[in-house]
Amino acid sequence: MKDHNGRLLRGSIAGDQFRLFAAETTNIVQTARDLHDLYPLPSLLMGRMISGVALMSGELKAPRSQISIRVDAEGPLKGAIVIASKEGDIKAFAFEPQFWAEQPESNFRVGEHLGKGSLSVIRQSGLKAPYTGRIELIDGEIASDLAAFYDKSEQTATAVNLGVLIDADARVRAAGGILIQQLPNADPEIAEHISINLAQTPNISDLMDMGLSLEDILNKFVLKGLQWKINKETPLRYHCDCSRERFARGLLLLGKAELETMLEGIDPVCHYCNNSYPFSGEDIRNLIKSLEEHDKTL
Ligand SMILES: [Zn+2]
């Protein structure tokens, strides 16, 4: 085993008629589960979103650029945010980490507990303003919502297959995904072949749990009978890039009046990794002082 938590494969099908992304995210989803003490339903939601954002990060080109998926829904499961960087760092948090449905059998139907809502994809590259695309949720099961996002907001025919398998005690047995994009020059017969294969592919997390690698799943099921190749493999990990400096910058943005309400000191916690960054009353006074000095120089 190499020293990483997951991996992303990028490849092409039938020459370059289709783009292929495949991700293994089991340990990343497990880390998110453990960090946030996620119950089964939020684990499934987050696992699918983590696999989705991992696949979509394959399109990032500029160093340190990021892609986020955010689900905001009216139902009690509410949604989650996941972020991936070009370097393969993924972080996530769920809005209702301990949500538990009354009927145990419905604890696997993510969409039912999200209800109406939206899925946003935010791309951020360097100092450029972030670019956001948003669609209404189709069924809230995430794979179909992401496929609809590509279809509606990017006019790209895209197949998305996501799988997360968890135990009754919410241990993550397997998680991953496959994303295939049809390019304008693609042969419609090959597209049909891929879609038939996909329809006949068992749940990919079940296959992973049986010990099949991503390459096995592509070979034996999804791309059976087709020519394809992997061009690049990138490691993925759960990693938060927060820091005391970043929190201090955030506090400065609140302005003097707001900071003056915090003179007893505060202890903000990062939503993504649970690290805390205590600021004493003295620290807050210093922040106010630096704001005042900044005002004087303007
Ligand atoms: Zn953090």
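Which residues have the most contacts inside the largest nonpolar core? They are Met46, Met49, Ile50, Val53, Val82, Ile90 and Ala92, in a core of 71 residues. The structure is a predicted model, in which local features need pLDDT of at least 70 and side-chain atom pairs count only at pLDDT 80 or more, while totals for chains, interfaces and linings use all residues. Residues are numbered from 1 along each chain as its sequence is written.

**The nonpolar core**

- A nonpolar core is a set of buried Ala, Val, Leu, Ile, Met, Phe, Trp, Tyr and Cys residues joined through C-beta atoms within 7 Å.
- A residue counts as buried if 20 or more other C-beta atoms lie within 10 Å of its own, as exposed if 12 or fewer do, and as partly exposed in between, with C-beta atoms placed from the backbone.
- Helix H2 (residues 40-56) gives the largest share of this core, 10 residues.
- Helices (H or I, at least four residues) and strands (E, at least two) are DSSP runs numbered from the N terminus.
- Alanine 92 touches Ala32, Met46, Met49, Ile50, Ala80, Ile81, Val82 and Tyr272, not counting residues up to four places away in sequence.
- Such a contact requires that the C-beta atoms of two residues, placed from the backbone, lie within 7 Å.

**The sheet**

- Ten strands form an open sheet with mixed pairing, in the order E7-E6-E3-E4-E5-E10-E1-E2-E9-E8.
- Two strands pair if DSSP finds at least two bridges between them.
- Strands of a sheet pair through backbone hydrogen bonds, either parallel or antiparallel.
- Strand E7 (131-136) and strand E8 (158-166) are at the edges with a single partner strand each, so one side of each has no neighbour in the sheet.
- On average, neighbouring strands of this sheet are turned by 15° against each other, direction ignored.
- Angles run from 0 to 180 degrees between N-to-C directions, and axes are lines fitted to C-alpha atoms, for helices over the stretch in contact.

**Strand E1 and its partners**

- Six of the eight residues of E1 are buried, so the rest of the structure largely encloses this strand.
- E1 (residues 6-13) and strand E10 (residues 228-238) run antiparallel and are joined by eight bridges.
- Across this pairing, glycine 6 stands opposite leucine 236, glycine 11 opposite isoleucine 230, and serine 12 opposite lysine 229.
- E1 also runs antiparallel to E2, with seven bridges between them.
- In E2, the residue opposite serine 12 is arginine 19.
- The hairpin of E1 and E2 has four residues between the strands, and alanine 14 in this hairpin takes a positive phi near 50°.

**Helices against the sheet**

- Helix H4 (residues 143-154) packs on the sheet and touches strand E6 (117-124), E7 and E8, with its direction at about 160° to that of E8.
- Helix H7 (residues 214-222) lies across E1, strand E2 (18-24), strand E9 (172-182) and E10, and runs at about 130° to E2.

- E5 and E10 run parallel and are joined by two bridges.
- Isoleucine 90 stands opposite tyrosine 238 in E10.
- Lysine 91 is in strand E5 and is buried, with 27 other C-beta atoms within 10 Å.
- Leaving aside neighbours within four places in sequence, lysine 91 is in contact with Ile83, Tyr238, His239, Cys240, Tyr272 and Cys273.
- Lysine 91 and tyrosine 272 are 181 residues apart in sequence, and their C-alpha atoms are 5.9 Å apart in space.

**Isoleucine 180**

- Isoleucine 180 lies in strand E9 and is buried, with 26 other C-beta atoms within 10 Å.
- Not counting residues up to four places away in sequence, isoleucine 180 touches Ile13, Phe18, Leu20, Thr158, Ala159 and Ile194.

**Two domains**

- The domain assignment gives domain 1 (6-238) and domain 2 (244-297), with bounds taken from an automatic or database assignment.
- The C-alpha centres of domain 1 and domain 2 are 36 Å apart.
- Four residues from domain 1 and four residues from domain 2 make the contact.
- Strand E5 (residues 89-94) supplies three residues, the largest share of the side of domain 1 that touches domain 2.
- Helix H8 (residues 244-254) is hardly covered, with one buried residue among its 11 residues.
- Glycine 255 follows H8 and has a positive phi, near 90°.
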